[in-house]
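Hi everyone, thanks for coming. Let me put the structure up on the screen, and then I'll walk you through it.

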Amino acid sequence: MSEDKLESLLQVYPSGRQEYLIPALQDMQQQWGYIPEWAIKRLAAHLQIPASTIYGVATFYNQFRFVPKGKYHFQLCYGTACYLFGASTLLQELESMLGIKDGEISDDGIFSLEVGGCLGGCAQAPVVAVNGEFYGNLSLSQLQKMVENIKLEESISA
Amino acid sequence: MTFEIEINNKPVKVKRGETILEVLNRIGIKVPTLCSMKDFVPTGMCRLCVVELEGRDMLIPSCSFKVEEWMKIKTHSPRVILARKTIIELLLANHPDDCLYCERNGNCELQQHAEDMHVRERRIVGGRNQTLVDKSSIAIIHEPSKCILCGRCVRICSEQMQIATFSFTRRGIGTSVRPALDKPINSSNCIFCGQCVRLCPTAALADRVNFSEMQVYFHDPHKKMAVTYSPAVAAILAEHFNFKTSRNINAVIHSILRKIGFEIVFDTSMAADVMMVEMCGDFLNRIKQNGPFPMFTSSCPAWVKYVEQSHPQFIKNLCTAKSFSQLAGVYAKHVITRQKSLLPDDIYLVSILPCTAAKFEASRPQMTLMGISDIDSVITVREFIRMINMYGIDVHRIITEINEDFSTSASVSGKLVNISGGTTEMFLKTLSYFITGQVTEKSFISTRLVNKDIREFKVQMGDNTFGVVVVNGMSSVPVLMQLLAERQDIHFVEVMACNNACMGGGGLPLEWTVDTAKRSMKYLLDWAETDKIKCPTQNVQLKEIYKNYLNVPMPSEFNERLHTYFVKRDVFV
């Protein structure tokens with residue numbers, strides 16, 4: 001049960017201690033890949049921090065997400081090098097192929113898309129990572145093929 | 001300890017501990033500010049109050065520096081003025097620029113500063129803020145594109161009201177003030193107190209204005225327009241317009257409302273008496289059933305919502321009697337209509353209050369019975385003043401309708417319910433009558449002592465001793481909760497969410513201050529002193545109303561028109 005998981009996760013942090021906000025958020029992100037709404041409610045009560053403040057802190061950092069990751073989580077690098085090598089074209093293509101925008105998840109839960117800062121693969125720009133696996137020097141046709149393959153595998157009509 | 005510093009080449013005596021801004025304001029030098037709030041720790045966020053300090057390369061924000069002996073300050077040097085002007089120009093760079101159609105056109109602080117700085121051309125061009133307007137809530141409209149991130153709403157909401165609906169989210173250019181998880185205000189933990197609306201320098205937070213809806217009914221031949229206002233509104237207008245004390249303010253307000261086009265005009269005093277009687281009904285029932293105690297007042301809609309969402313375990317403690325403003329609606333729709341041989345549906349009732357949360361209260365489903373809402377539209381004093389201007393009424397020269405008879409047999413409770421401690425005083429007086437059978441002359445609590453945030457005392461009535469707590473402002477609610485956790489001998493708790501109760505309400509004129517609140521409170525108390533009927537049970541009309549129009553005993557036994565219920569709210573707190 002997710003609720004039980006959260007309780008055991010919160011046990012580590014003493015109640016009412018605001019300084020544990022970020023470690024607790026990191027634990028949640030680690031656990032579910034995102035920070036669920038119900039968990040924020042519980043965390044607010046546990047650490048005695050208003051939910052709006054938690055949300056304010058969490059959105060300050062890029063590392064926290066509020067929507068779940070899809071089965072295939074696409075991370076598109078939008079760092080300087082990748083941008084120069086056409087990341088914006090790749091983004092356009094990804095958005096239209098997956099039917100979702102940055103920070104969203106497809107209705108069937110298969111795809112999610114995240115556009116982020118530098119992923120650290122500047123030498124192989126442009127870079128797209130799928131579930132943490134890096135694909136460098138990516139051309140438009142390669143990207144299209146990659147998405148089509150996944151769709152075939154998941155038997156989604158293109 | 002005093003010493004001298006130099007301001008604009010002149011020596012000035014200052015006290016240790018004062019900030020530079022305080023000194024400047026004291027000696028008559030106006031310095032623009034956007035983020036500073038009286039009695040709050042300065043944040044130095046807006047940088048508008050910068051001054052030049054000899055020996056420092058950078059300009060410093062005067063709000064967050066305390067005076068020291070060596071200081072030589074220039075408040076309006078060319079460098080300072082250029083800096084201030086640039087800040088305003090930068091704030092305007094991404095502002096939506098729809099001033100002419102803006103809710104705050106003419107009384108916007110940003111607009112005023114731009115005017116003072118003589119900004120006459122668009123020197124800095126940025127992308128316009130484009131955000132959706134949050135119109136979800138019945139009381140407060142949030143338009144983030146007009147937000148200049150001064151942080152006043154965030155601070156008043158968390159530091160004073162203890163609610164923290166808003167927080168700064170995201171960062172850099174994407175920073176915006178939002179409720180938790182970007183939820184709309186309606187599904188957030190906002191209690192609609194409206195303090196943020198009064199503080200917002202722009203129209204990022206504004207009232208929901210009900211003019212257009214109301215005006216439709218002015219032209220509806222099937223509806224008679226009715227309006228009710230609390231005596232507090234009279235006191236606020238008297239202070240706001242500086243009426244001469246010799247004038248009959250009730251007559252003036254009646255005349256204003258008649259000129260606007262309302263046919264039926266009455267004040268809420270009678271409803272306040274009904275509320276007192278019904279509160280006693282609930283309390284006596286609690287005594288019979290041995291609890292649950294303490295009974296909380298439920299006349300402050302902001303406090304009611306706070307209990308529903310943050311302390312659902314206390315919902316059963318809320319008094320089930322409707323608030324006086326809602327009861328005024330019941331009185332209009334079920335008593336006045338019958339006196340005038342009308343149907344409840346035949347009138348459109350507008351209620352004028354210094355409160356934004358009342359808009360929310362009037363919209364609660366519990367306040368509509370068989371398709372008839374107690375109140376059709378709530379407007380704030382702020383909107384009322386605008387209406388006075390719209391209908392071209394000169395309040396000082398208006399010819400009052402002197403033939404009208406304003407005397408009612410209502411007691412002073414209507415004048416006191418809007419003051420911290422007033423509800424308690426009148427409730428205890430009424431209760432004492434129901435328990436001992438006699439009207440008492442003495443007062444239980446001094447309503448003139450309003451500087452205190454929380455008061456606690458014991459009251460002896462017959463064989464009973466009751467513990468009473470009066471809370472003035474949400475800032476003392478944590479203390480109250482602590483008290484309730486430790487003690488079992490508290491029977492009655494009055495809470496008014498705003499500081500200075502309704503005289504510090506969210507629907508007051510924008511330029512309202514603590515001093516004006518105190519002065520208008522004095523009006524109310526003076527009126528209350530000259531009134532002859534001191535206890536709701538002495539109100540002869542009240543008995544007649546109960547018997548002939550409401551057809552219920554007095555107090556009614558949880559009559560569904562006079563009582564309400566509360567629900568738990570699942571929101572982010």
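So, how many helices and strands does the secondary structure of chain A come to? It comes to 7 helices and 4 strands, where helices (H or I, at least four residues) and strands (E, at least two) are DSSP runs, numbered from the N terminus.

Some housekeeping before I go on. What you're looking at is a predicted model, where local features need pLDDT of at least 70, side-chain atom pairs count only at pLDDT 80 or more, and totals for chains, interfaces and linings use all residues. Residues are numbered from 1 along each chain as its sequence is written, while chains are lettered from A and ligands numbered from 1 in the order in which they are written.

Back to chain A. Reading from the N terminus, its elements go α-α-α-α-β-α-α-β-β-β-α. Of the 158 residues in chain A, 30% count as buried; buried here is 20 or more other C-beta atoms within 10 Å of the residue's own, exposed is 12 or fewer, and partly exposed is in between, with C-beta atoms placed from the backbone.

Chain A is divided into domain 1 (2–60) and domain 2 (72–153), with bounds that come from an automatic or database domain assignment. The centres of these two domains of chain A, taken over C-alpha atoms, are 30 Å apart.

Helix 1 (residues 2–11) and helix 2 (residues 21–32) of chain A pack at about 145 degrees, and their axes are 10 Å apart. The axes are lines fitted to C-alpha atoms, for helices over the stretch in contact, and angles run from 0 to 180 degrees between N-to-C directions. Which residues meet there? From helix 1 of chain A we have A:Lys5, A:Leu9 and A:Leu10, and they meet A:Ala24, A:Asp27, A:Met28 and A:Gln31 in helix 2 of chain A. By class, that contact has 4 nonpolar, 1 polar and 2 charged residues. Ala, Val, Leu, Ile, Met, Phe, Trp, Tyr, Cys and Pro count as nonpolar, Asp, Glu, Lys and Arg as charged, and the others, Gly among them, as polar.

Next, where the chains touch. The contact takes 12 residues from chain A and 14 residues from chain B, and two residues are in contact if their C-beta atoms, placed from the backbone, lie within 7 Å. Helix 3 (37–47) and helix 4 (51–60) of chain A each supply at least two residues of chain A's side. Helix 4 of chain A gives the largest share of that side, 7 residues. The chain A side divides into 6 nonpolar, 4 polar and 2 charged residues.

Over to chain B, then. Chain B has 18 helices and 19 strands, and 46% of its 573 residues count as buried. Its C-alpha trace spans about 80 × 55 × 50 Å along the principal axes. Among contacts in chain B with a separation of 6 or more, 73% are between residues 24 or more positions apart.

Is B:Tyr391 buried or exposed? B:Tyr391 counts as exposed, because it has 12 C-beta neighbours inside 10 Å. Leaving out residues up to four places away in sequence, B:Tyr391 touches B:Lys259 and B:Ile260.
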